[in-house]
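Open the model in your viewer and keep the selection tool ready.

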Amino acid sequence: MNLKSFFDTLRDQVKNVIDNIKLNKKYLVSLSLSFVAFLILLVVLFFSNGDFSVSKEVDTLVDSISSRKYVEAYQYYGNLEKEFSASKMNKFNKSASNKLSSLVANSGDKYVSGEMSKEQYSGLINTINALDDIEIDVNQLLDISSRVEQMYIDENISYEKASSYMEVTTSLKGIYQDLDEYKNNIETIYQSRKVYQEGSKFQQIKKYKEAIDKYDKVVEEDKKYYSLASSKKQECIKSMYNYYITQANNSSKKGEYEEALVYLTYLKPYYPSDEKIEKLEDDYKEKISVYTLTSDDILNLISKKSGIKADELSVISYQQTIGDTLYYYAEVVKDNKIHNEVLIEAKDKKIYSYKSEKVDYDCEYSDGYYKVDEDGNYIFAISSKDAASIVRDKLKDKKEDFNDLEVKFKSDIVKYVDEDQLNKLIEKNNNIYYYVLVKKGWFSLNKEVYLVNMYNKAVYKCVDNKISKI
């Protein structure tokens with residue numbers, strides 16, 4: 001057979017095959033479709049048999065959790081893990097995750113609306129957390145969390161409800177930081193409204209500066225309260241002017257000039273070019289420069305008056321306003337002992353030593369004396385000039401002649417009396433006296449000693465080591 005004959009024969013066979021296919025086309029198509037249907041049926045039967053059907057078990061688990069049979073649900077899930085193959089358990093977890101995601105979302109809505117308690121919602125979340133491979137769809141929770149945030153901003157739910165919803169929901173495993181934005185926004189709004197309320201309380205008691213500080217912290221995102229805070233701030237700015245100027249003047253009257261300046265600093269940011277404020281500020285600053293005494297200033301004053309070197313003394317001092325006068329109280333220490341307690345008048349720098357029936361530091365460098373009574377009131381003694389005038393008047397009333405008289409310290413008159421006797425007599429009659437030396441006779445050789453009680457103005461005469469009231 002030659003090559004041409006071979007190809008002719010092959011061509012005839014192909015034509016026969018094609019003719020047969022055409023004749024049996026309907027039969028072949030039917031056979032193919034039947035074969036495909038058979039394969040599909042096999043697949044359906046394969047996947048619907050006991051090894052892969054999980055819908056019943058999923059419904060059982062979800063029903064148990066919905067009914068709050070949490071322990072039963074947990075045990076049931078554990079049994080399934082032992083019973084199911086890995087592939088079947090994987091399919092179960094996916095199906096259960098979908099249905100439980102819906103359950104969590106619906107339960108969250110019910111908790112927010114008050115249809116479910118926090119304990120019930122927490123129990124649901126805790127149970128799902130205990131099921132190892134269940135994963136909740138975060139997208140549904142994002143939608144609810146967004147609504148909860150808006151409900152709180154619109155004041156449709158309380159902070160406690162919104163906060164507790166976020167607290168419980170974010171405890172779901174696998175949530176991570178997905179809900180943090182809403183949780184943080186709710187907290188920010190809460191803190192903002194809290195400072196607004198604090199500002200309102202400060203405003204009610206006229207602490208305008210503190211109120212403004214609070215109003216300034218209200219966040220712009222909270223549109224309603226931000227607007228209210230802005231309005232309240234303007235009220236404070238208007239009301240604070242007269243109030244703080246009055247407070248500054250009151251502090252100034254008590255000698256508290258630095259405190260007075262503080263009130264003005266509250267006003268200046270809102271009244272930057274106010275002439276009245278500027279004038280008061282200059283006045284208070286000038287008074288501070290004149291009336292302020294440092295510890296060194298006090299030491300130097302006491303040293304100068306007493307003749308004791310300043311480096312031998314130390315003081316503990318603070319401002320003390322008595323009446324309308326500013327003083328500095330100072331506890332003077334020498335050789336680790338209290339040497340004196342003094343009041344120093346800030347304006348004229350006069351020193352007043354403490355001297356009472358119970359306490360006498362026996363200091364002879366004071367310009368005057370003071371004591372504090374049982375009620376805490378400061379009582380100042382009469383001046384030495386007043387004491388001299390009192391004795392002078394007494395002598396004139398008795399028509400006693402004298403050449404001169406002078407107030408002396410105790411150390412200056414002891415040579416005219418018996419010192420031991422004088423101390424006993426003074427101690428017995430309360431040691432709060434001025435000592436007045438009266439000169440009598442030719443050349444003032446004859447001298448008499450008088451005592452003047454510096455608080456009640458009683459006058460006593462020392463005669464033959466005795467003290468008698470006159």
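Select D132 first. D132 counts as exposed because its relative accessibility is 52%; exposed means over 50%, buried under 20%, and partly exposed in between (1.4 Å probe, protein chains only). Its place is the loop between α6 (118-130) and α7 (138-153). Helices (H or I, at least four residues) and strands (E, at least two) are DSSP runs, numbered from the N terminus.

Some ground rules. This is a predicted model, where local features need pLDDT of at least 70, side-chain atom pairs count only at pLDDT 80 or more, and totals for chains, interfaces and linings use all residues. Residues are numbered from 1 along each chain as its sequence is written, and side-chain values use heavy atoms, without hydrogens and water.

Next, jump to the loop between β2 (325-334) and β3 (337-345), and pick D335. D335 is not a glycine, yet its phi is positive, about 55 degrees. D335 is exposed, at 60% relative accessible area. Select N336 in that loop between β2 and β3. Its phi is also positive, near 65 degrees. N336 counts as exposed at 79% relative accessibility.

Finally, zoom out. The chain has 17 helices and eleven strands. Of its 470 residues, 38% count as buried.
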